[in-house]
Each structure stands twice: as structure tokens, then as C-alpha cells.
Amino acid sequence: MKYDNGEAYDLKTKGSYYDFWFEIIDHYLDIYLPEKGEILDAGGGTGEFSIRVTRLRTNISVVNLDISQSMLDQAERKFRKLKLQPRVSNKLGDIQKLPFLDEQFDYVMCFGDAISFCPNVELGFSELVRVAKPQGYIHLSVNSFWGNYHAMLSQNSKHNITFDDLKKYMDTRILHINGNSTGCRSFTLQELKSLADRHTLKIAKKFGAPVFSAPDEWLRDNHIYPEIKKLQYMFCEYENIMEFGNHLNIIYKKI
Ligand SMILES: C[S@@+](CC[C@H](N)C(=O)[O-])C[C@H]1O[C@@H](n2cnc3c(N)ncnc32)[C@H](O)[C@@H]1O
């Protein structure tokens with residue numbers, strides 16, 4: 001997986017701990033998605049989550065919006081192959097200036113750090129809130145600041161991460177690798193909670209996905225994998241642990 005603006009985003013993650021990211025998100029989507037209505041997949045890229053929600057609900061339609069035409073072209077090919085159109089459609093656009101009506105969507109999801117790539121996160125977030133219906137949900141999945149911090153320290157040699165990268169990360173919240181900015185911002189749980197206060201939202205749920213990593217050989221072991229999965233579910237809602245996980249997820253309710 002390449003963490004730039006998404007052009008080379010690769011979702012072939014089987015056998016890696018990213019599997020838990022998908023599985024845990026699906027678990028909570030299944031709880032919070034409406035039975036019918038319109039879903040926005042903001043920064044949806046190649047449409048992976050748009051496809052997943054159509055499997056979870058038969059009576060919903062999804063708009064997959066992205067700023068990159070090449071990501072949308074890949075999504076288009078997948079949707080066509082799976083015969084998902086017109087239930088699922090693509091739209092070129094910027095999260096910071098959404099081409100939709102106020103209160104149009106029943107569920108707004110923004111996963112895989114799409115909001116984190118916005119130069120103006122606050123503007124992007126207010127747009128997500130604007131297009132959500134009252135009583136609807138806005139679901140973010142973003143890199144955890146402390147999870148990344150820990151990963152930078154423990155994987156520095158594997159990814160050529162220098163102490164300067166770490167300092168820049170601490171100052172800007174933006175992940176730097178070998179002197180280069182990835183453009184991807186991370187968040188603390190406190191920052192995500194304060195978004196709720198500023199936009200008069202309730203927090204319906206927060207969880208880490210995944211909350212910890214495991215050696216690849218354990219993940220490929222058919223006996224160990226389900227045990228690790230149980231542990232992920234056991235701990236993913238514990239605040240102190242979720243901050244050390246990979247992605248923080250927060251589901252806001254518009255009131
Ligand atoms: C890491 S990918 C995640 C894709 C998808 N949400 C997922 O989780 O599989 C981030 C996506 O955000 C998109 N993106 C970045 N900035 C954006 C913006 N301002 N408006 C819309 N999409 C944006 C990128 O083009 C890319 O497809």
C-alpha cells in the first residue's frame with residue numbers, strides 16, 4: 001500500500017493485518033448503516049467500500065466521490081464487472097467543495113484517510129456534515145497519531161524514517177518518510193472528539209481498526225488468525241488502546 005494521494009493505492013492485503021481494518025469496519029457498518037437510502041463514499045478511491053456496503057445492504061444506493069479521475073476509472077471498471085450500476089455511481093469532486101445538496105445523504109463515510117489529504121481539514125469536515133441528513137451519520141476512518149508515532153519508531157529502518165521525519169511529524173501531524181511529506185495527516189482521539197463539539201454532533205461510536213499488529217506468519221495461520229481477530233474485537237473500543245492502533249474510526253451523529 002502506497003500512502004500518497006492514492007494513485008497507487010493497492011488493496012490486495014490478504015494475509016496482512018489490514019484485513020482487520022476491513023473486517024472491523026464492516027462489522028460496525030452493519031450496525032449503523034440505514035436499511036435504505038443514499039450513501040456517500042467521500043474520497044472513495046477505487047470504490048472498495050462502496051462495493052462492501054452494497055453487500056451489507058440491498059436497498060441502498062452509493063455515490064463514490066473522488067478527486068482523482070484515475071481512481072474513479074478503476075472504480076468504474078470494478079462496478080461494471082460486478083454489475084452494480086446504477087445503484088453505485090462515480091462522481092469527480094473535492095471533499096472540500098462537495099457537489100451535493102444540503103442534507104442529501106443518510107450515511108456519509110470517509111475512509112482510508114481521504115479527509116487527511118485535504119489541505120483544509122476543517123472545511124472538508126464541514127462539507128461532510130453539510131451533506132448528511134439530520135439523524136444521519138458521518139463516519140471517518142483516519143490514521144491514529146500515536147499509532148503512527150509508534151510505527152515510525154519501530155519500523156524506522158524498514159522505511160528509512162529519520163529522526164527529522166519524526167520531529168516534522170510531531171510538529172505538523174503529517175507523516176514524513178525520508179525527508180518527504182506523504183501529505184497524510186494523523187489525528188488524536190481528542191482532536192476527533194473536538195470536531196464533534198465544534199460541529200454540534202454526537203459521537204455514536206469510536207473504535208480502532210486494527211488496534212494492534214501481529215506477525216505475518218500468525219496472520220496466515222488458520223488457527224491463530226481467528227484468535228487474534230477475537231482480541232481485536234475485544235479491545236477495539238478501549239480508548240487507551242485504540243490510540244495505539246492503525247486507524248481511528250469515529251461515527252458522528254448529526255443532531
Ligand atoms: C488512501 S485512498 C482511500 C480510498 C478509499 N476511501 C479506501 O479507503 O479504500 C485516499 C483517497 O482520497 C482521495 N482524495 C484525496 N484528497 C481528496 C479530496 N480533497 N477530495 C476527494 N478525494 C480526495 C484520493 O484520490 C484517494 O483516492
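## A tour from the domain contact to the sheet

Begin where the two parts of this predicted model meet: six residues of domain 1 are in contact with four residues of domain 2. On the side of domain 1 that touches domain 2, two residues are nonpolar, three are polar and one is charged. To colour the two parts separately, select 18-144 together with 187-254 for domain 1, and 148-184 for domain 2; the centres of domain 1 and domain 2, taken over C-alpha atoms, are 24 Å apart.

**The hairpin.** Next, select residues 174-177, which are strand S6, and residues 180-185, which are strand S7; S6 and S7 pair in the antiparallel sense over three bridges. If you pick histidine 176, you will find that its bridge partner in S7 is serine 181. Two residues lie between S6 and S7 in this hairpin, and asparagine 178, in the turn, has a positive phi of about 50°.

**The sheet.** Now show the open sheet of seven strands, whose order is S3-S2-S1-S4-S5-S9-S8 and whose pairing is mixed. At its edges are strand S3 (88-92) and strand S8 (201-208), each of which pairs on one side only, and from one strand to the next the twist averages 20°. Within this sheet, select strand S1 (residues 36-42) and strand S2 (residues 59-66), which pair in the parallel sense over seven bridges; here aspartate 41 stands opposite asparagine 64 in S2.

**Serine 50.** From asparagine 64, move to serine 50, which is 14 residues away along the chain although the C-alpha atoms of the two are separated by 6.5 Å. Serine 50 lies in helix H2, which covers residues 48-56. Is serine 50 buried or exposed? Serine 50 counts as buried because 27 other C-beta atoms lie within 10 Å, where the cut-off for a buried residue is 20 or more. Leaving aside neighbours within four places in sequence, the contacts of serine 50 are Asp41, Gly44, Val62, Asn64 and Val88, so that aspartate 41 and asparagine 64, which stand opposite each other, are both among the contacts of serine 50.

Select helix H1 (residues 18-32), which lies across strand S5 (132-143), S8 and strand S9 (247-254), and runs at about 15° to S9.

**The nonpolar core.** Finish with the largest nonpolar core, which has 61 residues; those that touch the most other members are Ala42, Val108, Cys110 and Leu128. Helix H1 supplies the largest share of this core, six residues, while domain 1 and domain 2 each contribute at least three residues. In soluble globular proteins, nonpolar side chains tend to be buried together. Which residues does alanine 42 touch, not counting those up to four places away in sequence? Centre the view on alanine 42 and you will find Leu65, Ile95, Val108, Met109, Cys110, Ala114 and Leu128.

Definitions and conventions: Residues are numbered from 1 along each chain as its sequence is written. This is a predicted model: local features need pLDDT of at least 70, side-chain atom pairs count only at pLDDT 80 or more; totals for chains, interfaces and linings use all residues. Domain bounds come from an automatic or database domain assignment. Two residues are in contact if their C-beta atoms, placed from the backbone, lie within 7 Å. Ala, Val, Leu, Ile, Met, Phe, Trp, Tyr, Cys and Pro count as nonpolar, Asp, Glu, Lys and Arg as charged, and the others, Gly among them, as polar. Helices (H or I, at least four residues) and strands (E, at least two) are DSSP runs, numbered from the N terminus. A residue is buried if 20 or more other C-beta atoms lie within 10 Å of its own, exposed if 12 or fewer, and partly exposed in between; C-beta atoms are placed from the backbone. A nonpolar core is a set of buried Ala, Val, Leu, Ile, Met, Phe, Trp, Tyr and Cys residues joined through C-beta atoms within 7 Å. Two strands pair if DSSP finds at least two bridges between them. Axes are lines fitted to C-alpha atoms, for helices over the stretch in contact, and angles run from 0 to 180 degrees between N-to-C directions.
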